[in-house]
Amino acid sequence: MNFLILSLIKAAIVAGVLLTTLAYLQWIERKVIGHIQLRVGPYRVGPHGLLQPLADVVKLITKEGVMPANVNKFFYLLAPFVAVALALISISVIPFGPQITIGGVTTYMELTDLNIGVLFVLAVSSVGVYGVALGGWASNNKYSLLGGLRSSAQMISYELPLAIAVAAPLLLVNSLSFRQIVEYQSGFWLGFIPRWNVFPEVLGFSVFLIAAFAETNRVPFDLPEAENELVAGFHTEYSSMSFAAFFMAEYANMVTVTAVATLLFLGGWKAPFPEPFSSFIPVIVFGLAGLIAIFHGMHPARRKDKYTLPAAGVVFLGLAAVFGLSLLVPTLQTILMALFWFCGKVLALLFLFIWVRGTLPRFRYDQLMRFAWIVLFPLAMVNLLVTGLVVALSSK
Amino acid sequence: MPGGVPMSWYLILSAILFGLGVAGFIYRRNIITVFMSIELMLNAVNLTFITFSYQLKQVDGHIFSFFVMVVAAAEAAVGLAIILTVFKNRETLMIDEVSSMKY
Amino acid sequence: MTELIFFVFAGIAVFCGISLVAQTHPIASALSLIGVMGSLAIIYLQLGGEFIAAAQVIVYAGAIMVLFVFVIMLLNAGAEGTSLNVSSFAKYAGIVLLAAFLGLISFIIQATLPKTEGVVFGAWDGGTAADVGRKLFTAYLLPFEVTSVLILIALVGAVVLARREV
């Protein structure tokens, strides 16, 4: 019974944090792409557009859901449901931190730790193709059908280099459980280089990231859903909450894939610097951010940001104070440090996703498929073979 | 609980699924549905292998099941390619109408 | 708890199996088959086969059935038209006889199988990926290599058969 209540509490926390993150990830994306393109992005709804996701949610909920004629109603309604459910399920095996003890209850910072965690994430992403394929087919529209078929063919083609790139660090770690993969990456070489899997597996990490871009239908591989190509592809005929469901599924897939990349290659929640120094880094980072924000807010040339930037600065300084205080409380320190490093790495990879979206042009569909089968798949195989050879020779 | 689920129930489930696969194979006219009934039969056989592997406490049943899956994948790929070719030539998917050797 | 999970997922599997045979539209049959495979994956987990459950979802439900769904969508297969040229008496008699046959088989299985211990989730943990891999690459190495050649043959065959005539 204790286990059940604990799991329910953890599930509620993870679900709440994840759904809020998805909404604000869209805000981050619009601001970053806006600044790349020398404009400001959402600015008016709330300070610096911070309430824009709320406005979007209200708009999407109150919009009229138009179901086109002659569609198969069951599949039309099933497709966004399947897409969202599968995208949210794969978060349940992602660990966020080490074992913690709060008030006498000892637990791990994750929903569950499967022995086959890596296979579970691969399985859920394999079945996630159906949401896209069914959505495209059930809309009774030739553009949707083409977009849906192209998108699902792209997703299953890129699953192959993804899975083989995932297999290479598994050879080093000898386990399929995410927690043991992160535990393998603790410690430092030469005292200061962290033992992350990315350092022996640079090629694997690059192949994984490129395949992840294609799996989640992001630029430069987003031809099946681009608006000026196929009239928004497989979600053309979906409006209001169904469209929001597909949208949420795409962002949740992005979060899952970056979290898996962090756990497999970047050491999960392990700090990149040895222990005494790494505890002070969050305090320094947030303190600097707060001081810079307050300084820029006081500048007389920025009339519009007279109140918002100093407010943001105060928030950052408050976070720095929280991290500084946590240095005195060990249990809080483990939680906050693990969350800081894990979320920091995931946010860095998400920033890379958004940066690439604002920068690169998109591939044509035949170039995309050719790239998967002729370039990425042999590279992934070479990576796996070399890793296997090195592991076999070094364990003699 | 000491008893657990009796092992014969798993075999009965496998027999029911196999029977349903045979019924689909015999009743249906659409060639793709016939093919899917074959896959249902293969799944039922996989369940039998894994049940006996549990009973004998050996992992060989899992390996046989793995090979059945691999062979089913190869068979599905070639079978669907053949179905595509038949569709291109005869323009029908009903097996009753693909009844003469010469078009 | 094990019995509850078994009954729920066996019920879902049988329901999806019946729906596979009874539905007219091929896409509905394909989705029912995916339902069967998913519930069978849970039953494999109960029997201690965690690797084979994951392989079932990745290979069967995530790749083979995607291939089926693609072909159905590409060929634009619609619902079946008129049914077989047999009398409805033969159809209904067939269903009744099938049910009777399955009942007889179930009774025979249940009566002749030795009453060993039942299945309890977690009683046997020999189905992990490590165990399967160890057996696969030592005792069953020849079948493994032969199946890889088989897949290569199927790959080449499928590409040649489905190629567009230029």
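Colleague: Which residue takes a positive phi in the hairpin of strand 1 of chain A and strand 2 of chain A?

Modeller: That's Gly103(A), with a phi near 55°. The hairpin has 2 residues between the strands. Bear in mind that this is a predicted model.

Colleague: What makes strand 1 and strand 2 of chain A a pair?

Modeller: The cut-off is at least two bridges found by DSSP. Strand 1 (residues 97-102) and strand 2 (residues 105-109) of chain A have 5 bridges, running in the antiparallel sense, so they count as paired. As one example, Ile102(A) has Val105(A) as its bridge partner in strand 2 of chain A.

Colleague: Why does Leu47(C) count as buried?

Modeller: The label needs 20 or more other C-beta atoms within 10 Å. Leu47(C) has 27 C-beta neighbours inside 10 Å, so it counts as buried. Leu47(C) sits in the loop between helix 2 and helix 3 of chain C.

Colleague: What does Leu47(C) touch, leaving out residues up to four places away in sequence?

Modeller: Leu47(C) touches Ile50(B), Thr51(B) and Tyr54(B) in chain B, plus Val119(C). Leu47(C) and Val119(C) are 72 residues apart in sequence, yet their C-alpha atoms are 6.8 Å apart in space.

Colleague: Why is helix 1 of chain B called largely enclosed by the rest of the structure?

Modeller: Because 15 of its 21 residues are buried. Helix 1 of chain B covers residues 7-27.

Colleague: How does the reach of helix 1 of chain B, from its first C-alpha to its last, sit against what is expected?

Modeller: The reach is 31 Å, close to the 30 Å expected at 1.5 Å a residue.

Colleague: On to the chains. Which pair of chains shares the most contacts?

Modeller: Chains B and C, out of the 2 pairs of chains in contact. There, 67 residues of chain C are in contact with 57 residues of chain B. Helix 3 of chain C gives the largest share of the side of chain C that touches chain B, 12 residues. By class, that side of chain C divides into 49 nonpolar, 13 polar and 5 charged residues.

Colleague: How far apart are the closest C-alpha atoms of chain A and chain B?

Modeller: They lie 14 Å apart, and no contact joins chain A and chain B.

Colleague: What about chain A and chain C: how many residues are in contact?

Modeller: 17 residues of chain A are in contact with 15 residues of chain C. Helix 4 (117-127), helix 5 (129-138) and helix 6 (142-173) of chain A each supply at least two residues of the side of chain A that touches chain C. Helix 4 of chain A gives the largest share, 6 residues. That side of chain A divides into 14 nonpolar, 3 polar and no charged residues.

Colleague: What does Ala54(C) touch, not counting residues up to four places away in sequence?

Modeller: Ile116(A), Leu119(A), Phe120(A) and Ala123(A). Ala54(C) is also among the residues that touch the most other members of the largest nonpolar core, which has 173 residues. Helix 3 of chain C gives the largest share of this core, 19 residues.

Colleague: Last one: which domains does the assignment give for chain A?

Modeller: Domain 1 (1-58) and domain 2 (63-269 + 376-394). Their C-alpha centres lie 20 Å apart. The contact takes 10 residues from domain 1 of chain A and 9 residues from domain 2 of chain A. For chain C, the assignment gives domain 1 (2-79 + 87-122) and domain 2 (128-166), with C-alpha centres 25 Å apart.

Notes
Residues are numbered from 1 along each chain as its sequence is written. Chains are lettered from A and ligands numbered from 1 in the order in which they are written. This is a predicted model: local features need pLDDT of at least 70, side-chain atom pairs count only at pLDDT 80 or more; totals for chains, interfaces and linings use all residues. Two residues are in contact if their C-beta atoms, placed from the backbone, lie within 7 Å. Helices (H or I, at least four residues) and strands (E, at least two) are DSSP runs, numbered from the N terminus. Ala, Val, Leu, Ile, Met, Phe, Trp, Tyr, Cys and Pro count as nonpolar, Asp, Glu, Lys and Arg as charged, and the others, Gly among them, as polar. Domain bounds come from an automatic or database domain assignment. The expected span of a helix is 1.5 Å times one less than its number of residues. A residue is buried if 20 or more other C-beta atoms lie within 10 Å of its own, exposed if 12 or fewer, and partly exposed in between; C-beta atoms are placed from the backbone. A nonpolar core is a set of buried Ala, Val, Leu, Ile, Met, Phe, Trp, Tyr and Cys residues joined through C-beta atoms within 7 Å.
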